[in-house]
Amino acid sequence: MPALPEVRITTDGACKGNPGPGGWAAILQSGSHEKELTGAEALTTNNRMEMTAALKALEALKKPSHVTLVTDSRYLMDGMMKWLNGWKKNGWRNASKEPVKNADLWMALDRAAKPHAIEWQWVKGHSGHPMNERADALANEAIDSLRAAQS
């Protein structure tokens, strides 16, 4: 059985106000290949942008892969690694029996993650990690582009 392709994904989300205009970015690297994905929304939250970055990156993969997904979002990482199975078991209710926030994105992330073997890595945001800083800059550029298009 052939080994899965190795893909490293670095993601970040940004928001100007929370809620407010937001941007997301993902940098996909495999061997000598690299691809940047970005996007923005007029009214969103930082958590939704962090989740969207990971979702769009996973959806961009054309075949099952071994993914190292680097994020500075504990919310995203803990949601995928610790909370997701419980939410599904509890009918998308959290420990307080309230509806899970951002359930639409959690469900989409769950589907997008299924074909892949994902290793989640957390890095401290704004701490000089080169790829995290680059993803942050791209996410903020996406917000600036959205604002420019709206004016």
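These notebook entries record what I looked up in a predicted model.

**Entry 1: ground rules.** I number residues from 1 along each chain as its sequence is written, and side-chain values use heavy atoms, with hydrogens and water left out. In this predicted model, local features need pLDDT of at least 70 and side-chain atom pairs count only at pLDDT 80 or more, while totals for chains, interfaces and linings use all residues.

**Entry 2: the nonpolar cores.** I looked up the largest nonpolar core, which has 31 residues. A nonpolar core is a set of buried Ala, Val, Leu, Ile, Met, Phe, Trp, Tyr and Cys residues joined through side-chain atoms within 4.5 Å; buried means under 20% relative accessible area, exposed over 50%, and partly exposed in between (1.4 Å probe, protein chains only). Ile9, Leu58, Leu76, Met80, Trp106 and Leu109 touch the most other members. Among the elements giving two or more residues to this core are strand S1 (6-15), helix H1 (46-60) and helix H3 (103-113). Helices (H or I, at least four residues) and strands (E, at least two) are DSSP runs, numbered from the N terminus. Apart from this core lies another of 8 residues, including Ala14 and Met131.

**Entry 3: helix H3.** I found 8 of the 11 residues of H3 buried, among them Trp106, Leu109 and Asp110. Their cover includes H1, H2 and strand S5 (117-122). Beyond four places in sequence, Trp106 is in contact (heavy atoms within 4.5 Å) with residues including Met51, Leu76 and Met80.

**Entry 4: Ala42.** I located Ala42 in strand S3 (residues 33-44). Ala42 counts as partly exposed because its relative accessibility is 45%. Leaving aside neighbours within four places, Ala42 contacts Gly20, Pro21, Leu146 and Gln150.
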